[in-house]
Amino acid sequence: MIKLAVKILVFSLVFIVILKTIFDPVFKKNNSFKNSIDQLYQLDKDSLDLLIFGSSHARNSYNTDIIDKALHINSFSLASGGQKIAVTNNLIDDILKQFKPKLIILDVFPGSLDYPKLEHQKSNQLQVFDNTKWTTNKMELLTSMYSFDELPSAVSPTVRNHQNWNKANWMFSEQKLDSTRAFFNKGFSGSFSIMDDSERMNLLDYEQRKDKYLSLSTNEIDPSKLKNELEEIKNAIEICKENNIELLLVCSPYFDAFYSKLASDFHFLVTELCEENNIKFLDFNTKFDELSLTLDDFRDRSHVNLFGADKVTGSLVTYLLNEDYFEINNSDIENLPKTLKTLSSAFELTFEKELNKELFPDVFVKRISMFENKEHRKIELILNKKEGVSDLLKKHNLEYIATPYEADKKLLEGKFKELNREIQTFYSLKDISINGQNKISVRIPKSNILKYKNIRLFSFVKAKRQSGQKHIIDLPDLDLSKTIESKFINEQGSSLGLLLEKTEQLLSEPFEFNETIKVEEIAYLNSKANEYKFSFKIKQDSNTKEFEKYNGYIRYYNGEVTEANKNVRGFPVTVLESDGFKYIFVTVHIEDVNLSKLDFFFIKKESKEISRFYTMKGLKLKKDSDL
């Protein structure tokens, strides 16, 4: 019997070794988190300055590329979808055995506190468990989260995925990430998608709810729901203290925070916990207005997209400097707003034109706009209706053809050289974004060519590109070298004074937005169709060199003052001089001239400090013929 027992024990040990060293690595799910942790362990153990942990909220919110380049540090994100803090603590404990960063950022929100209960929640934790070392703490956590029947699958990827032999990663290759759908960098994933109509409809009252966030007084808080779950945050604090590493708690922006009393309770209880432990808590849900976050900055109600992440990350970088977590030299501090703008993925308008062209059967394009950022160009089409458009896009493809002037054809790259032009096809809803303002948009890679002889956009029924009917939009002689505002300033020259004589005044007495931006009057001009140019006459004693530290904003509402009726346009604060006076200009497309509310304000780029608002209510803008 003893010999048999020994044989069974030896066989079991050999089986476990083979299972864990040969088969489990093959059957381990190949996902972005595995990619991230594999990349992390290739780094030198003393090279890390900042580690970011949390759920998909963190993975989508904090752009490690911007953090590294703005602060001159080495950061990495080990956030993953649905990651619970109890699992995060196991991960932190595991990582700190090899790496000692200066700072750990832990993203927390109520949904990350509890143990996973549903099947998909339990499944989400496995991407972390599969990629951490075996310890007694890890085994205790597994046995507490998974039932006896679930445990073999939780412990072994081979047991869990053995039916997928043909999909096993026998070559140990990295997962190929789709760079056309998102930007990936060291654990960060920034989506290009914009929130769709169905989710927008459920958030029409978010402005009012946002303003009431944290309106509870502390004596109204019932900690019973959260008290036990906050223990996991306390554990994270203790792990960092034991390893002599600074910890910063953050909460990335998400709309559900405004629709739950639990989120308010959570904010106050975490704030109290941080004060007790002498650490800081940064809640970005309190900074929606400061960051000018809108529905367009989110891919869904819980996650910012790449453009929202740029705003959040810029604010985080500034906060880390202001709170002395990291240091950069004085010249870098002075240039930080420019640096963040350069690193941002925000698009700037380079071309806009009113149209009435049929793009799909009975669907007309009212306006076409082109934008550019550091990596892409975006074409945006405003349609005469949105009903049925998604069905049409399932049946039609769009094609973009851009023909440069002869002298610039040498700048064409890759396959475009042989074609003598740039061509890209967009295959229905896979490549075309739709959002709630009768708007569709497509992205194309940024080109070195800035001036085109012709750009053509046309649709055709799938599989009938050659023989089917095509609807074509032709745009001849396009200059994409400058933004709309800089083109306007350059075009006016000495005639600017004559242009200003035609404007209608909105403000005729001095107004101070803040100590820097002071104006003597605000006026506007209807230059063409539905295009309005607003001018700000700057007070003579203003230090206009400081203006570049700000972005300007115009916000207006048609009808009831709600999120659905809100329109916001940001603009660079560029100063132009005429007849001894200095002006700021912004061009805005406004279709409905009846404005229930119109706001002008400025936000400082570095500190995100918001100026005073100049507000008008019940305004009807005049057309050119009325001025």
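Two strands count as a pair if DSSP finds at least two bridges between them. Helices (H or I, at least four residues) and strands (E, at least two) are DSSP runs, numbered from the N terminus. This is a predicted model, in which local features need pLDDT of at least 70 and side-chain atom pairs count only at pLDDT 80 or more, while totals for chains, interfaces and linings use all residues. Residues are numbered from 1 along each chain as its sequence is written, and side-chain values use heavy atoms, with hydrogens and water left out.

S23 and S24 belong to an open sheet of 4 strands, ordered S24-S23-S27-S28, with antiparallel pairing. S24 (566-572) and S28 (614-620) are its edge strands; each has a single partner strand, so one side of each has no neighbour in the sheet. On average, and ignoring direction, neighbouring strands here are turned by 20° against each other.

## The chain overall

The protein chain has 21 helices and 28 strands. Of its 627 residues, 53% are buried, where buried means under 20% relative accessible area, exposed means over 50%, and partly exposed is in between (1.4 Å probe, protein chains only). Take the contacts (heavy atoms within 4.5 Å) between residues at least 6 apart in sequence: 71% of them join residues at least 24 apart.

## The parallel sheet

Another open sheet has 5 strands in the order S2-S1-S3-S6-S7, and here the pairing is parallel. S2 (75-77) and S7 (280-283) sit at the edges with a single partner strand each, so one side of each is left without a neighbour in the sheet. From one strand to the next, the twist averages 20°.

Within this sheet, S3 (residues 103-107) and S6 (residues 246-251) pair in the parallel sense over 5 bridges. Ile 104 has Leu 247 as its bridge partner in S6. H12 packs on the sheet and touches S3 and S6, with its direction at about 150° to that of S6. H5, for its part, lies across S1 (50-53) and S3, running at about 155° to S1. For all these angles, axes are lines fitted to C-alpha atoms (for helices, over the stretch in contact), and angles run from 0 to 180 degrees between N-to-C directions.

How many of the 11 residues of H5 are buried? The count is 10, so H5 is largely enclosed by the rest of the structure. The buried ones include Ile 85, Asn 89, Ile 92 and Ile 95. They pack against H2 (32-40), S1, S3, H6 (119-129), H7 (136-145) and H12.

The axes of H5 (residues 85-95) and H12 (residues 231-242) come within 9 Å and cross at roughly 10°. That makes the two helices roughly parallel; the label covers angles under 35 degrees, with over 145 as roughly antiparallel, 65 to 115 as roughly perpendicular and the rest as oblique. On the H5 side, the residues that meet H12 are Ile 85, Ala 86, Asn 89, Ile 92 and Asp 93, and they face Glu 232, Ile 233, Asn 235, Ala 236 and Ile 239. By class, this contact has 6 nonpolar, 2 polar and 2 charged residues. Here Ala, Val, Leu, Ile, Met, Phe, Trp, Tyr, Cys and Pro count as nonpolar, Asp, Glu, Lys and Arg as charged, and the others, Gly among them, as polar.

## The nonpolar core

A nonpolar core is a set of buried Ala, Val, Leu, Ile, Met, Phe, Trp, Tyr and Cys residues joined through side-chain atoms within 4.5 Å. The largest one has 101 residues, and Leu 78, Ile 233 and Leu 249 have the most contacts inside it. H14 (residues 306-322) gives the most to this core, with 9 residues. Leaving aside neighbours within four places in sequence, Ile 233 is in contact with Ile 85, Val 108, Leu 113, Leu 249, Phe 266, Val 270 and Leu 273.

S12 (residues 376-383) pairs with S16 in the antiparallel sense over 7 bridges, and Ile 382 has Lys 439 as its bridge partner in S16. In S16 (residues 439-445), 6 of the 7 residues are buried, so this strand is largely enclosed by the rest of the structure.

Ser 56, in H3 (residues 56-61), is buried, with a relative accessible area of 10%. Not counting residues up to four places away in sequence, Ser 56 touches Ser 80, Gly 81, Gly 82 and His 303. Glu 577, in S25 (residues 575-578), is exposed instead, at 52% relative accessible area.
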